Amino acid sequence: MAGEIQNPIISVRDITVQFGATRVLDGLNLDVKRGEILGFVGPSGAGKSVLTRTIIGLVPKLAGSIEVFGVDLDSSNTSQRRNVERRWGVLFQQGALFSSLTVRQNIQFPMREYLRVSQRLMDEITIAKLTMVGLKPEVADRFPSELSGGMIKRVALARALSLDPDLVFLDEPTSGLDPIGAGDFDELVRTLQRTLGLTVFMVTHDLDSLYTACDRIAVLGNGKIIAAGSIADMQASQHPWLRQYFHGKRARAVMG
Amino acid sequence: MSGDPKLERIAKGNALALCATGAWTASFAPVLERMVADAEKLAGGSQSIFIDVSEVAKLDTFGAWLIERLRRSLTQGAVEAQIAGLSANYSSLVDEVRRVRATPVIDTSTITITGMLDQIGRAVAGVGGTVAGLIDMLGAVLAAGARTLVHPRSFRLTSTVHHLEQVCWRAVPIVVLITFLIGCIIAQQGIFHFRRFGADIFVVDMLGVLVLREIGVLLVAIMVAGRSGSAYTAELGSMKMREEIDALRTMGFDPIEVLVLPRMLALVMALPILAFLGAMAALYGGGLVAWLYGGVDPEAFLLRLRDAISIDHFIVGIVKAPVMAAVIGIVACVEGLAVQGSAESLGQHTTASVVKGIFFVIVMDGVFAIFFASIGM
């Protein structure tokens, strides 16, 4: 375990992903360090979600290797892979809550599958997780269709956190939230990262999130990482897209 | 690296210390829960208790909550309980868990006799609602049809033709195949049993009357309810789930006019065509079996058929088709628009659409039978 502290928690090497004739990711390299919040930005359609989905194994890749927690996901056997999957949580863009289960059942679903825990403890932990993501316990017995957009995101985060993962993937967590809600969510991610010692991989479009929540930023363009570093590095970069992104009208507004 | 969790009792003068060690994580949850429950009992007698967590190697939300649960139950037992030796890493997690207010879970899923009676009562009362819903939809469709007649330009021809292709043209192979096979089976059974009385040739009468009056249209209607009624419900239901129908409404379109009317028209046109094709396929299949199995050659079959049936039989059959199509379409659209937000609800309503569709088709068939009998057709 000592080695893992130095080693990156996710290490992506020379990943190539192709859909038909279009090459979405082209020899991409990326490291995510333990305990950091990595913000992942790039133009629409650049393949941010594709990279996330490739790392978690939903999109097949043409070439390259992916290591998560030091386990190569291609050469790992089922139990190793199961072990890795237990240690990460994923928040999908639309929440992807199971619509026929209540909030409580949604959060308890991974616990039921992976842990042998009494119903009482599961119920109590569910309430604890809901409190952590800033929801009232009364929400537990509602169905996803009875929740607002912001609440769906929070419940989805609670479900992603239900097994106390070491790593969470957030796909545009603040999209579709009002600025106050989005700010709260950033704050929440920060707090949870501190209390649970999470590593966060966050795909985002939200400049506020980048400024307030992220430790490090990686930028995707032309199928590669065109820049990675702190927010100051990004602002100093001469890359045309980065200049536009970080010095545009909206960026100036955020920086005040 | 981090061993099994333990909770040890150490007496320190007046006070009692419970010393937690090892990994307090989700994987050890069953052991931890038992230990915590035991400790709650053990604690009796002493006035103040320290829960010493300085030796805990690993802590997650489950472990933190169990420590908090222990503290709360001790406090409730009028014992002064404190958590001590918390490392900086874990203090925020324990603080976070402390904010949780434990609300007892109310289990609403108990089955009682009153509950069952209540459900039965609601289901019976719901029947009236179902019928009212169907009549409501019928009225809405007719009103939309009338509006379209007044403003023919608002009629959605492309959509109607598209649905006609889906429910009619694409259904032809399966409808023809199944009715052909049913025709074969009826003829075979007829010959098999009639032969004992030397009345082989009457199988033609039976086949002709049965296929043209009843089986042809009823069978096709049931198949259409299963094939197209379910598709309509699923389409409209998923549109409802994703707020597409609300979007239409806000743009000033009437969902009945845009979505339901073309589907209904397509179905009303499709079912007579399919019923006709089905009847022909069944007669052909029956004739083939009568020839190959019963030795009734095609010429004799046709002659007998001409004597046995009149145009009335055909009319009685085909007149029912558009009415049954309308019933199937209305049931399917009502169910589709009643879908709520969940995938389960979509499944329930699709099932209901097919079951109710087939039920109403058979009821309608009975009503028609009484009607035709009383007018002597």
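## Before we start

This is a predicted model, where local features need pLDDT of at least 70, side-chain atom pairs count only at pLDDT 80 or more, and totals for chains, interfaces and linings use all residues. Residues are numbered from 1 along each chain as its sequence is written, while chains are lettered from A and ligands numbered from 1 in the order in which they are written.

## Where the chains meet

Chain B brings 24 residues to the contact, and chain A brings 24 residues too (in contact means C-beta atoms, placed from the backbone, within 7 Å). On chain B's side, the elements giving two or more residues are α1 (29-42), α2 (61-76), α3 (88-98) and α12 (343-374). Helices here are DSSP runs of H or I with at least four residues, strands are runs of E with at least two, and both are numbered from the N terminus.

The largest share of that side, 4 residues, comes from α3(B). By type, chain B's side splits into 12 nonpolar, 6 polar and 6 charged residues. Nonpolar covers Ala, Val, Leu, Ile, Met, Phe, Trp, Tyr, Cys and Pro; charged covers Asp, Glu, Lys and Arg; the others, Gly among them, are polar.

## Two helices of chain B

Now for α2(B) and α3(B): they pack at about 60°, with axes 9 Å apart. Axes are lines fitted to C-alpha atoms, for helices over the stretch in contact, and angles run from 0 to 180 degrees between N-to-C directions.

Which residues meet here? From α2(B) come B:T61, B:A64, B:W65, B:I67 and B:E68, and they meet B:L93, B:V94, B:V97 and B:R98 of α3(B). That makes 6 nonpolar, 1 polar and 2 charged residues.

## A four-stranded sheet in chain A

In chain A, 4 strands line up as β2-β1-β4-β5 in an open, antiparallel sheet (strands pair if DSSP finds at least two bridges between them). β2 (22-32) and β5 (71-72) of chain A are at the edges with a single partner strand each, so one side of each has no neighbour in the sheet.

Strands β1 (residues 10-19) and β4 (residues 63-68) of chain A share 5 bridges, and A:T16 has A:A63 in β4(A) as its bridge partner. Helix α2 (residues 48-55) of chain A packs on this sheet, touching β1, β2 and β4 of chain A.

## A six-stranded sheet in chain A

Another open sheet has 6 strands of chain A, in the order β6-β7-β8-β3-β9-β10, with mixed pairing. Its edge strands are β6 (88-91) and β10 (224-229) of chain A.

Technical notes:
Contact = placed C-beta atoms within 7 Å.
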